[in-house]
Amino acid sequence: MRRALLLPLLALLPHPALAKDGPDPKTLEKVAKVWTDYARWLKEKGQKEEALLAIARAREAGGKDLDELAREVEAIEAADPDAAVAKRREEAHKEAAKLYDRLGKSDDGWLLRAAEVEPSKARLSKLASAVKALAGNRQNADKAGRILVRLRELDPEGKWDAIEQEMAKGDVALVKGKHAMVGWLSLPKGWKKGER
């Protein structure tokens, strides 16, 4: 169930590997290794869904020769997670998030990956700043909107309305309610909150 929800979200986001300058290949290798090692460990613990997600993340970072591991994971019988799984998850996510932060210097999509695996207040704030910087430029509306939609999912209690309204008043915003659908919204000049 968890994998079924997370994998489509990876496709919704701007793909960080398409950055103008390109991500640092050595850092990408390290990211792929973190997820590959984690997937192997999860396989031994019978954590099928989470192992498949780790393999998907390793592939996104350019990990190679993962087909055999994926077949092995598909063949295992799923087991209930234990305390060791939670501890190892925290370690892998923390390590990957630091590497994603490094890659974030070349593209905001990597910062989003860091926030997905370890959503700290500092990371969410950095992404909010990135959205504000992208807002107001029609060419960046799609990217800014997608990041903002994902921020709402990562931090439903966050104060995203103000950013969304500014984007919609200035040009157009991608908005999401409490359901899976998203839509584009453009507010008329002179619009004020609470009015029709």
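Glu-50, Arg-57 and Glu-60 of helix H3 meet Val-85, Arg-89, His-93 and Tyr-100 of helix H5, where contact means heavy atoms within 4.5 Å. Sorted by class, this H3–H5 contact holds 2 nonpolar, 1 polar and 4 charged residues. For this sorting, Ala, Val, Leu, Ile, Met, Phe, Trp, Tyr, Cys and Pro count as nonpolar, Asp, Glu, Lys and Arg as charged, and the others, Gly among them, as polar. The model is a predicted one, in which local features need pLDDT of at least 70 and side-chain atom pairs count only at pLDDT 80 or more, while totals for chains, interfaces and linings use all residues. Residues are numbered from 1 along each chain as its sequence is written, and side-chain values use heavy atoms, with hydrogens and water left out.

As for the geometry of this pair, H3 spans residues 48–60 and H5 spans residues 83–103, and their axes come within 13 Å and cross at roughly 15 degrees. Axes here are lines fitted to C-alpha atoms, for helices over the stretch in contact, and angles run from 0 to 180 degrees between N-to-C directions. H3 and H5 are therefore roughly parallel to each other; the cut-offs are under 35 degrees for roughly parallel, over 145 for roughly antiparallel, 65 to 115 for roughly perpendicular, and oblique for the rest. The H3–H5 crossing is left-handed, which is the label used if the near helix is turned anticlockwise from the far one by less than a right angle (right-handed if clockwise).

H5 also packs against helix H6 (residues 108–117), at an angle of about 165 degrees and with the axes 7 Å apart. H5 and H6 are therefore roughly antiparallel, and their crossing is left-handed. On the H5 side the contact is made by His-93, Ala-97, Tyr-100, Asp-101 and Leu-103, and on the H6 side by Trp-110, Leu-111, Arg-113, Ala-114 and Val-117. By class, that comes to 7 nonpolar, 1 polar and 2 charged residues. His-93 and Tyr-100 of H5 also turn up in the contact with H3. Elsewhere in H5 sits Glu-90, which is exposed at a relative accessible area of 58%; buried means under 20% relative accessible area, exposed over 50%, and partly exposed in between (1.4 Å probe, protein chains only). Glu-90 and Val-117 are 27 residues apart in sequence, and their C-alpha atoms are 8.9 Å apart in space.

Helix H8 (residues 141–154) and helix H9 (residues 161–170) pack at an angle of about 160 degrees, with axes 11 Å apart. That makes H8 roughly antiparallel to H9, and H8 passes H9 in a left-handed crossing. Ala-144, Gly-145, Leu-148 and Arg-152 of H8 make the contact with Asp-161, Ile-163, Glu-164 and Met-167 of H9. Here the class count is 4 nonpolar, 1 polar and 3 charged residues.

Some single residues also deserve a look. Gln-47 is found in the loop between helix H2 (25–44) and H3, and it is buried, with a relative accessible area of 7%. Leaving out residues up to four places away in sequence, Gln-47 touches Leu-42, Ile-76, Ala-79, Asp-80, Pro-81 and Val-85. The side chain of Gln-47 reaches the backbone oxygen of Ala-79 at 3.1 Å. Gln-47 and Val-85 are 38 residues apart along the chain, yet their C-alpha atoms are separated by 8.4 Å.

Thr-27, in helix H2, is buried too, with a relative accessible area of 4%. Beyond residues up to four places away in sequence, Thr-27 touches Leu-99, Arg-102 and Leu-103. Asp-65, by contrast, lies in the loop between H3 and helix H4 (67–75) and counts as exposed at 75% relative accessibility. Although not a glycine, Asp-65 has a positive phi of about 55 degrees. Most residues other than glycine have a negative phi.

Taken as a whole, the protein has 9 helices and 2 strands, running α-α-α-α-α-α-α-α-α-β-β from the N terminus on. Helices (H or I, at least four residues) and strands (E, at least two) are DSSP runs, numbered from the N terminus. Of the 196 residues, 42% count as buried. Among contacts between residues at least 6 apart in sequence, 60% join residues at least 24 apart.

Definitions and conventions: Polar contact = N/O pair within 3.5 Å; in protein donor to acceptor, adjacent residues only side chain to side chain.
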